[in-house]
Amino acid sequence: MAGIGVKLNRFFSKKSLTANMAGFVYSAGATITPMFIVIGVILLMSEILGFDTVGYYTRELFSCTVLYTFIFSLLSAAPFNAVLSKYMQDVIFEERYQDILPCYYLGLGMNLGLSCLVGIPFCLWEHFIGGVQVFYVFTGFCGYISLVLVFYTMIYLSICKDYVRISFSFLFGMLTTFLLSLILRFWCGWGITESMLFALTVGFFLIAVLEYYAIRRYFIKNSNRFKPVLRYFVKYWQLVVINFCYTLGLYIHNFVFWTTDMRMVLANTFVCNQPYDMATCLAMFTNLTATVIFIARIEMHFHDKYKAYSEAVIGGKLADIQSTKRRMFGQMASELMTLARIQFIISTAVYLIMVVVLPRFGFAGMIMRIYPCLAAGYFILFIMYSEILFLYYFNDMTGAVLTTVSFCLVTWLSSIAATQLPDIWYGIGVVIGSFVGFAIAYFRLRWVERHLDVMTFCQGDLLKWGKGPMPSGKVFQR
């Protein structure tokens, strides 16, 4: 996230409508554009190739394959991303660029190892128990691994602030996907779902290759120092818990409803809940602009206040430190309130549009009854995530762990209870879990505000840690 503020300030400093629109477009390009490119290409392929003409079982098998590919590639990458990002940021700060490739290769091996540990048994079950063809299973597995590579490599390009290259890689890869699907379907005579799945796999792999090529352009030297990376997983184990629990919390309510009587089982392998999953997708889209708004505002406003406080701590007077501290926390509170106000207006407008328009395209019934509660839950969830990022700013790993673990656990338990309620309340688990996480993060930020002086000036050790005889306790000889 850090680093786009310079360009955003160039846009918004001109104080014109065109400049504001350009700044918003750049923020969107740095955050959500790749996802919309993928979704757009899938919808376009479905329309042109005649996806709605294939049998119901075939359609749902393809949809579940793509759904599982995205969810579990994100979950398998979650334990590693935050720690590797932290390590890479420290390496760049210390200008030890030769240590980045060892971090990349070691993290890649760990990520792929966990992904295969989960994916291979699932695919074997899909073929031998579910009876799905080997070609289809293998293509889906390759697409899953390719997407793991894409998400993993995006970490490094994001830290290098090369958001344009990320968007270009997705655009080129998905354009290739679309053209390849047409060739396979109309020239080679492949089936519709086979053409779409194989083309997606090739597109994801091409994106991963382009991202890897960009990384090798940035970082050429390789120190082959792998042990420091492993030490970071021990030192910053909280980051593993935080990122995994947050990512799991995004989907754990779906997993709960996959166990209810509403679930659909395909090939004795895939389990899903169509109405609830679709309502979740709509709710997430309703509040997705919160990410763009938060990144834009925190980079343009809060980061300067945080920098001023840090500079005052290094060489300022006590009055300067106290003054910059008050302004920093005042700005933080202002940013959270502004984000909530703006996103509330946007979410309300999007919600009304979806309620009016979507029923005309077949999204009605139970989907639209579940959607309102989930939309409210995801609104609180994205505000909670903003608080977690503020906790990162103050290096409060304990607060972030409490927030994400509570969010995940309460969402899980509340969703189990929600399965016994009428369908209009199915999403109450997300609302309660997100609100609990939001409350914990809020009070933790207030605690940080009261104890920031202690956290800033009373950390560290006077003597260097090491093995040997204990130094004398005598401080002064009269």
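A cavity is, on a 1 Å grid over the protein atoms alone, a set of points where a 1.4 Å probe fits but cannot get out; points are joined across faces, edges and corners, and a volume is the space filled by probe spheres set on them. Please note that this is a predicted model, in which local features need pLDDT of at least 70 and side-chain atom pairs count only at pLDDT 80 or more, while totals for chains, interfaces and linings use all residues. Residues are numbered from 1 along each chain as its sequence is written, and side-chain values use heavy atoms, with hydrogens and water left out.

The largest cavity holds about 50 Å³ of space. Which residues line the largest cavity? They are Val-66, Thr-69, Gly-143, Leu-197, Leu-200, Thr-201 and Phe-204, where a lining residue has an atom within 4 Å of a point. Helices here are DSSP runs (H or I, at least four residues), as are strands (E, at least two), numbered from the N terminus. By class, this lining has four nonpolar, three polar and no charged residues.

I turn to the second largest pocket, with about 310 Å³ of space. Of its 16 lining residues, Leu-336, Met-337, Glu-387, Phe-438 and Tyr-442 are the closest to its centre. A pocket is an open set with protein on both sides within 12 Å along at least five of seven lines. The lining of the second largest pocket divides into 13 nonpolar, no polar and three charged residues.

Leu-124 lies in helix H5 (residues 100-128). Why does Leu-124 count as partly exposed? Its relative accessible area is 45%, and partly exposed means between buried (under 20%) and exposed (over 50%), with a 1.4 Å probe and protein chains only.

Finally, the loops. Most residues other than glycine have a negative phi. Asn-224, however, has a positive phi of about 60° and lies in the loop between H8 and helix H9 (227-235). Asn-268 likewise has a positive phi, of about 55°; Asn-268 is found between strand E1 (264-266) and strand E2 (270-272). Asn-268 is exposed, because its relative accessible area is 54%.

How values were computed: Ala, Val, Leu, Ile, Met, Phe, Trp, Tyr, Cys and Pro count as nonpolar, Asp, Glu, Lys and Arg as charged, and the others, Gly among them, as polar.
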